[in-house]
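Please read the following report alongside the sequence and the coordinates. It moves from the strands to the core and then to the aromatic rings.

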Amino acid sequence: MVLAGSNNYTGSTVVSNGQVELATNGWLRFAIGATGVNNSVSGAGSAFFRGTFLFDLAVAGTNTGDAWTIVSVSTASYDGAFQVSGFTNSGGTWTRTTNGV
């Protein structure tokens, strides 16, 4: 299955078998809550990401050590065009600086 354009649903995507692909012009929005509370892409299948992830951080936990699993599939691949909106990639780790921190 190829996801292109806006994918703005709030549920999780489960890849039970086969592959899901996020096209270069596609984006997925994730709602981030307290630590560990978020929608995600998961399952026994595989995923190939070319497009953009958007994180809604309006109610995200802000405690040191908070963490979220966004992608948990058997095989995940990321194209050079892949990006996380508002975040900076450094060696495969995506970070965001807010208020100088």
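Which order do the four strands of the open sheet have, and with what pairing? The order is β2-β5-β7-β9, and the pairing is parallel, where two strands pair if DSSP finds at least two bridges between them. The model is predicted, so that local features need pLDDT of at least 70 and side-chain atom pairs count only at pLDDT 80 or more, whereas totals for chains, interfaces and linings use all residues. Residues are numbered from 1 along each chain as its sequence is written, and side-chain values use heavy atoms, with hydrogens and water left out.

The edge strands of this sheet are β2 (6–7) and β9 (83–84), each of which pairs on one side only. Two bridges join β2 to the parallel β5, and N7 stands opposite L28 in β5. Overall, the protein has eleven strands and zero helices, these being DSSP runs numbered from the N terminus, of at least two residues (E) for strands and at least four (H or I) for helices.

The largest nonpolar core has 17 residues, and those with the most contacts inside it include L28, F30 and F49; such a core is a set of buried Ala, Val, Leu, Ile, Met, Phe, Trp, Tyr and Cys residues joined through side-chain atoms within 4.5 Å. Two or more residues each come from β4 (19–22), β5 (27–31) and β6 (41–49), and β6 gives the largest share, three residues. Not counting residues up to four places away in sequence, F30 touches N39, S40, V41, F53, L54, F55, D56 and I70, a contact being heavy atoms within 4.5 Å.

F30 also belongs to one aromatic cluster with F49, F53, F55, Y78, F82, F87 and W94. Rings of Phe, Tyr and Trp (its six-membered ring) pair if their centres lie within 6.5 Å, and planes under 30 degrees apart count as stacked, over 60 as edge-to-face and the rest as tilted. Of the ten aromatic pairs in the structure, F49 and Y78 form a stacked one, with 5.3 Å centre to centre and 25° between the planes. This pair links F49 in strand β6 to Y78 in strand β8 (residues 71–78), 29 residues apart. The two partners are listed below by relative accessible area, for which buried means under 20%, exposed over 50% and partly exposed in between (1.4 Å probe, protein chains only).

| Residue | Relative accessible area | Class |
|---|---|---|
| F49 | 1% | buried |
| Y78 | 42% | partly exposed |

Across the protein, 33% of the 101 residues count as buried.
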